[in-house]
Amino acid sequence: MKASLKGRYETDKDRGVAAATVAFNAGDVKLRASLTDATVVNGPSLNGLALAVEKPGFFIVDYNVPKKDFRFQFMNSVRFADKPLNLTYIHSRGDNRTILEGTLVFDSANKVSANHVLGSGNCKLKYTYVHGGLTTFEQWYDLAKNSWDFAVSRKVYGDDMFRASYQTSSKALALEWSRNSKINGDFKVTG
């Protein structure tokens, strides 16, 4: 049996937010418990506590303890025209929302995906192109908003990622710099 422990601390407005996750491999499934500072600040409580059972690539069942709420996610892959089609079904019991997602991978550089929230009329179609393994171009169409959104990101210095995105519906331009490093730690700066 293997176990892992992850922790993080983020500044959020006027205070910091801490979180920790403990995960155990138990055969084919992974058992996970996550908690936030709300679980331990002002004495022990169930606030911020979540439990999960996962079989990677097949299913995830999350249980939010204080809300007594389940979230189910099922994943599968099939071949379509000799290309992998990854399918995901997500249902959150508490907010009674069901999401269907699909991604068709043409090759290592090109993929098309769709995301639909049942009953909402909201569907997003997305095309992703990866150039040279370093630069990613994304464009997606939101049927509910009748608008296009665009993003370009580039890996630099191995662990750093710069990303720029533009939402046509709100005319919002966003810039982001993030690092995912096992040696130096993770961070994200947005503007």
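Which residues are linked with Arg32 in a network of salt bridges? Arg32, Glu54, Asp62 and Arg71 together make up this network.

The structure is a predicted model, in which local features need pLDDT of at least 70, side-chain atom pairs count only at pLDDT 80 or more, and totals for chains, interfaces and linings use all residues. Residues are numbered from 1 along each chain as its sequence is written, and side-chain values use heavy atoms, with hydrogens and water left out.

**View 1. The salt-bridge network of Arg32, Glu54, Asp62 and Arg71.** A salt bridge is defined as a side-chain nitrogen of Lys or Arg within 4 Å of a carboxyl oxygen of Asp or Glu. Side chains of opposite charge can pair when their charged atoms come close. Strands are DSSP runs (E, at least two residues), numbered from the N terminus. Residues are classed as buried under 20% relative accessible area, exposed over 50%, and partly exposed in between (1.4 Å probe, protein chains only). Glu54 counts as buried because its relative accessibility is 15%, whereas Arg32 has 23% and is partly exposed. Asp62 and Arg71 also meet in a salt bridge, at 3.2 Å, N to O. Arg71 is partly exposed, at 28% relative accessibility.

**View 2. The salt bridge between Asp160 and Arg179.** The side chains of Asp160 and Arg179 meet at 2.6 Å, N to O. Distant parts of the chain are linked by this pair: Asp160 lies in strand S13 (residues 160-167) and Arg179 in strand S14 (residues 172-181), 19 residues apart. Asp160 is buried, with a relative accessible area of 5%, while Arg179 counts as partly exposed at 24%.

**View 3. The second largest pocket and its lining.** On a 1 Å grid over the protein atoms alone, a pocket is an open set of points where a 1.4 Å probe fits, with protein on both sides within 12 Å along at least five of seven lines; lining residues have an atom within 4 Å of a point. The second largest pocket holds about 220 Å³ of space, a volume being the space filled by probe spheres set on the points, which are joined across faces, edges and corners. Of the 13 residues that line the second largest pocket, Ala50, Asp62, Tyr63, Asn64 and Arg71 lie nearest its centre. Strands S3, S4, S5 (59-64) and S6 (69-80) each supply at least two lining residues, and S5 gives the most, with 4 residues. The lining divides into 6 nonpolar, 2 polar and 5 charged residues. In this classification, Ala, Val, Leu, Ile, Met, Phe, Trp, Tyr, Cys and Pro are nonpolar, Asp, Glu, Lys and Arg are charged, and the others, Gly among them, are polar.

**View 4. A nonpolar patch on the surface.** Trp148, Phe150, Tyr166, Leu173 and Leu175 form the patch, with about 500 Å² of accessible area together. Strand S12 (147-156) and S14 are the elements that give two or more residues to the nonpolar patch. Patch members have over 30% relative accessible area and no salt bridge, and nonpolar side chains (Val, Leu, Ile, Met, Phe, Trp, Tyr) are joined within 5 Å. Accessible areas come from the Shrake-Rupley method with a 1.4 Å probe, and for residues only the protein chains shown count as cover. Phe150 is placed in strand S12 and is partly exposed, at 34% relative accessibility.

**View 5. Lys68 and Lys171, two loop residues with positive phi.** Lys68 is not a glycine, yet has a positive phi of about 50°. Lys68 belongs to the loop between S5 and S6 and is exposed, with a relative accessible area of 58%. Lys171, likewise not a glycine, has a positive phi of about 55°. The loop between S13 and S14 contains Lys171, which counts as exposed at 63% relative accessibility.

View 6. Phe58 lies in the loop between S4 and S5 and is partly exposed, at 46% relative accessibility. Asn76 is located in strand S6 and is partly exposed, with a relative accessible area of 47%.

How values were computed: Patch = residues over 30% accessible without salt bridge, like charges linked within 9 Å, V, L, I, M, F, W, Y side chains within 5 Å.
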